[in-house]
Amino acid sequence: MGTLSGKHAVVTGGSRGIGRAIVERLCAEGAQVVFTYLRNEAAAEQVSVRTGAQAVRIDLGRRADVDLMFAEARRRLGRLDILVNNAAMNDTGVVSEYGEELYDQMMATNTKAVFLAMQWAARTMREGGRIVNISTLNTDLPAPGTAVYAASKAAVEQFARVLAREVGPRGITVNSVSPGAVDTELLHSTNTPEALAQVQDFTALRRIGQPDDIAGVVAFLAGPDGRWITGQTIRATGGLLL
């Protein structure tokens with residue numbers, strides 16, 4: 001019997017990369033999981049077949065879809081014990097050239113949708129629940145082109161710190177996990193092999209992270225051993241030096 005046996009979880013963005021690893025780990029620990037995806041239906045179906053988790057197609061940039069996610073979670077799970085806010089968009093661009101429409105889309109998906117999901121969880125989650133947000137190392141690393149993305153995630157980290165105090169009396173913990181370089185399609189599409197080799201040189205463990213590395217941290221925070229950690233941002237970077 002896993003550490004999350006009998007728990008009901010929602011994971012946003014669970015069809016690929018870190019999100020997929022989180023869904024797989026929570027299911028392996030015994031949780032019943034509903035996860036969202038946006039475009040890749042085939043990948044979502046593969047995750048569902050492999051884990052038994054249920055997929056819901058959601059565009060988190062649309063308020064109506066966010067409301068649909070809540071409705072589907074209630075219908076399919078009945079109650080909520082764990083919420084993992086993983087889904088996000090990451091369009092880079094320097095401040096002087098960043099478009100207002102793209103800014104609004106980024107904030108709607110990465111910040112507003114997470115805020116609404118946390119609000120929903122705060123209202124409906126049972127005592128002893130767990131909320132985990134996936135943030136980014138870029139909130140500490142001011143790399144050119146990441147201003148809007150980093151700002152959207154920094155807001156989420158602050159939401160978590162404050163909400164932790166608001167729901168703490170009910171035994172609910174709220175934390176953020178900030179990955180460093182993790183071996184995903186996004187990482188390889190936005191970095192050259194030379195850049196990734198340099199990242200490894202600056203990482204204490206001398207390798208690029210794997211999605212399972214982040215999923216393990218999330219599972220720990222979602223499980224019984226994470227009960228005394230709340231209001232924190234966990235830098236899961238393998239010791240990447242800033």
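Which residues of H5 are buried? In this predicted model, helix H5 spans residues 147-167. Its 21 residues reach 30 Å from the first C-alpha to the last. That is close to the 30 Å expected at 1.5 Å a residue. The buried residues are Val148, Tyr149, Ala150, Ser152, Lys153, Val156, Glu157, Ala160, Leu163, Ala164 and Val167.

Strand S6 covers residues 173-179 and contains serine 178. The relative accessibility of serine 178 is 0%, so this residue counts as buried. The side chain of serine 178 makes a polar contact with the side chain of arginine 235, at 2.7 Å. Leaving aside residues up to four places away in sequence, serine 178 touches Ser135, Thr136, Leu137 and Glu157, as well as Thr233, Ile234, Arg235, Ala236 and Thr237. Glu157 is also one of the buried residues of H5.

A helix pair was examined next. Two packed helices are described by the angle between their axes and the distance between the axes. Helix H1 comprises residues 17-28, and helix H2 comprises residues 41-51. H1 and H2 pack at an angle of about 15°. Their axes lie 10 Å apart. Angles under 35 degrees count as roughly parallel, and H1 and H2 are therefore roughly parallel to each other. H1 passes H2 in a right-handed crossing. From H1, the contact is made by Arg20, Val23, Glu24 and Cys27. From H2, Val47, Arg50 and Thr51 take part.

Methods: Residues are numbered from 1 along each chain as its sequence is written. This is a predicted model: local features need pLDDT of at least 70, side-chain atom pairs count only at pLDDT 80 or more; totals for chains, interfaces and linings use all residues. Side-chain values use heavy atoms; hydrogens and water are left out. Helices (H or I, at least four residues) and strands (E, at least two) are DSSP runs, numbered from the N terminus. Buried means under 20% relative accessible area, exposed over 50%, partly exposed in between (1.4 Å probe, protein chains only). A polar contact is a pair of N or O atoms within 3.5 Å; within protein, one must be able to donate a hydrogen and the other to accept it, and residues adjacent in sequence count only if both atoms are side-chain atoms. Contact means heavy atoms within 4.5 Å. The expected span of a helix is 1.5 Å times one less than its number of residues. Axes are lines fitted to C-alpha atoms, for helices over the stretch in contact, and angles run from 0 to 180 degrees between N-to-C directions. Angles under 35 degrees count as roughly parallel, over 145 as roughly antiparallel, 65 to 115 as roughly perpendicular and the rest as oblique. A crossing is left-handed if the near helix is turned anticlockwise from the far one by less than a right angle, and right-handed if clockwise.
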